[in-house]
Amino acid sequence: MSIIAGSYERFIWGFKLKPTKHDADNQTLILTPLFSYPSHISPITTVACSGPAAASGGSDDTIHLYDLPSASSLGSLLDHNHTASITALSFYTPSSLSFPRNLISAAADGSVAIFDTDPFVLLKSFRPHKKAVNDLAIHPSGKLALAVYRDEFFTMLNLVRGKRSFCCRLGHEASLVKFDPSGESFFMVVNNKVGVHQSEDAKLLLELENPSRKRILCATPGESGTLFTGGEDRAITAWDTNSGKLAYSIEDAHPARIKGIVVLTRNESDGSLEDPYLIGSASSDGIIRVWDVRMAAKENTKPLAETNTKSRLTCLAGSALRSMRRPQIGKQ
């Protein structure tokens, strides 16, 4: 499995997570470097990863692509019609595939672009709202997406037609939006609170409040209604979004605020736990850590792997999917 991170210093960091020792009582993992270099000319603002493909967006208005198995750069996507900082990137990978089908990007000028990934070519670019996009989430069907904006607006996007299907003012600025893997609900983060909404009609089902009352800066859905969050309190918090209760928390998971969190492995369909349930986290002081969340109930939980990039990390993404196909950029 692979992890990529972007930094304020313009560097992209790629790592491969490998086991070094595995027995009945202990597992040791190591983050092996794949690459690190200044891929942008301005700070990297967002990253995405699926199977062998990874992408980064920056405040230089560009999107760069990477092939993880060969640890190589594929260059940049020039044809996207964004004229401002790239604020969100998300791959759509059908559950039956190990290679992403689409890449969706959003920017501070309100524009959204839809790319095919085989090869990477622009399918559609449109501007569903005039203000900056804070975050974007793709429904598991791949047919629609949700976007939240800096001016407190919320939109639903029809990805098949490449147009806006719904828009409303929230009355508060949401910084993050994520779909549950089932697609039946979605989560919106506003400061230190998470709203759990029904996907069918956006009805608010319940609201979660960070016990520390500090801002949530990153979130990623797990399985069976679990939502992981991180932020200014330096803790990794797991929420049961079905009951609205805090499931568990890794206190002081990092020495600085957590800027990215990603689920790296998932349970098998039969519920087996042969592999640890891993999540990765990154903090603004440059540290990336990997955790087995089954150990979270224990005191003084220790990460399974750790590396220090010594840079100001801004975002994190990861992928456990394996694919032999090599990403390619089409003619632009």
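1. An open sheet is built from four strands in the order 8-9-10-11, with antiparallel pairing; strands here are DSSP runs of E with at least two residues, numbered from the N terminus, and two of them pair if DSSP finds at least two bridges between them. Its edge strands, each pairing on one side only, are strand 8 (86-92) and strand 11 (120-126). Direction ignored, neighbouring strands of this sheet are turned by 20 degrees against each other on average, where the axes are lines fitted to C-alpha atoms and angles run from 0 to 180 degrees between N-to-C directions.

2. The model is predicted, and local features need pLDDT of at least 70, side-chain atom pairs count only at pLDDT 80 or more, and totals for chains, interfaces and linings use all residues. Residues are numbered from 1 along each chain as its sequence is written, while side-chain values use heavy atoms, with hydrogens and water left out.

3. Within the sheet 8-9-10-11, strand 10 (residues 112-117) pairs with strand 11 in the antiparallel sense over six bridges. V112 stands opposite F126 in strand 11.

4. Another open sheet of four strands, also with antiparallel pairing, has the order 12-13-14-15. Strand 12 (133-138) and strand 15 (163-169) form the edges, each of them pairing on one side only, and neighbouring strands of this sheet are turned by 20 degrees against each other on average, direction ignored.

5. Which residue stands opposite A147 in strand 14? Strand 13 (residues 144-149) and strand 14 (residues 153-158) pair in the antiparallel sense over five bridges, and the residue opposite A147 is T155.
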